Amino acid sequence: MPTLERLRADHTDALLAFERANRAYFARSVPDRQDAYFAEFTARLQALLAEQDTGVCHFHLLLDDEGRLIGRINLVDVERGSAELGYRIGEPAAGRGMATAAVREMCRLAGTTYGLVSLTARTTLDNPASRTVLERNGFTTTGTLTLDGRPGVRYRRAQLGD
């Protein structure tokens with residue numbers, strides 16, 4: 001079963017390799033990170049870690065049974081007991097229930113470790129896999145939006161920690 005590990009500075013090389021290896025795959029369903037993201041990766045990661053230290057974000061890596069990085073799952077914009085959930089599962093691990101398991105575990109951690117009472121999420125309409133993961137984990141639709149020029153859906157889940 002995959003495990004979540006809180007993001008640390010010593011994850012830099014593995015995370016950069018993961019993002020590079022999956023760039024084209026991710027770009028098929030979410031906006032591309034662009035070249036500047038990769039060129040400035042170490043500085044960006046240091047900024048994220050500093051932000052994490054303040055408690056406004058919680059970044060995690062998803063590791064397989066052999067300790068290989070297979071995904072990311074994050075809670076951002078933590079405020080008033082809520083946060084926005086985001087995740088990426090690499091192509092080799094896609095379609096095997098890893099995202100569903102990771103989101104389930106993050107919902108538990110959000111309530112028990114981070115003291116949150118609700119999570120929000122959003123995805124595009126043309127990303128049915130992400131919508132399925134959210135719905136399997138008790139997220140309900142709260143509205144529509146435009147996400148990077150594409151039609152999308154907003155979700156919310158309360159009752160965290162279980």
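Q: Which residues does Phe18 touch, not counting residues up to four places away in sequence?
A: Phe18 touches Phe26, Leu69, Ile70, Gly71, Arg72, Arg88, Ile89 and Gly90, where contact means heavy atoms within 4.5 Å. This is a predicted model, in which local features need pLDDT of at least 70, side-chain atom pairs count only at pLDDT 80 or more, and totals for chains, interfaces and linings use all residues. Residues are numbered from 1 along each chain as its sequence is written, and side-chain values use heavy atoms, with hydrogens and water left out.

Q: Is Phe18 buried or exposed?
A: Phe18 has a relative accessible area of 5%, so it is buried. Buried means under 20% relative accessible area, exposed over 50%, and partly exposed in between, with a 1.4 Å probe and protein chains only.

Q: And where is Phe18 placed?
A: Phe18 lies in helix H1; helices (H or I, at least four residues) and strands (E, at least two) are DSSP runs, numbered from the N terminus.

Q: Which aromatic cluster includes Phe18?
A: Phe18 forms one aromatic cluster with Tyr25 and Phe26. Rings of Phe, Tyr and Trp (its six-membered ring) pair if their centres lie within 6.5 Å; planes under 30 degrees apart count as stacked, over 60 as edge-to-face and the rest as tilted.

Q: What sits over the ring of Phe26?
A: The charged end of Arg88 does, 4.7 Å from the ring centre. The criterion is NZ of Lys or CZ of Arg within 6 Å of the ring centre and within 35 degrees of the ring normal.

Q: How many aromatic pairs are there in the whole structure?
A: A search finds 4 aromatic pairs. In one of them, the ring centres of Tyr37 and Phe38 are 5.1 Å apart and the planes lie at 85 degrees, so this pair is edge-to-face. Tyr37 also pairs edge-to-face with Phe41, at 5.6 Å centre to centre and 80 degrees between the planes. Tyr37 and Phe41 are both buried, and Phe38 is buried as well.

Q: What about Arg33, where does its charged end sit?
A: Over the ring of Tyr37, 4.6 Å from the centre of that ring.

Q: Switching to the helices: at what angle do H1 and H4 pack?
A: H1 (residues 12–21) and H4 (residues 41–54) pack at about 115 degrees, with their axes 11 Å apart. Axes are lines fitted to C-alpha atoms, for helices over the stretch in contact, and angles run from 0 to 180 degrees between N-to-C directions.

Q: Which residues meet there?
A: From H1, Thr12, Leu15, Leu16 and Glu19 meet Phe41, Thr42 and Leu45 of H4.
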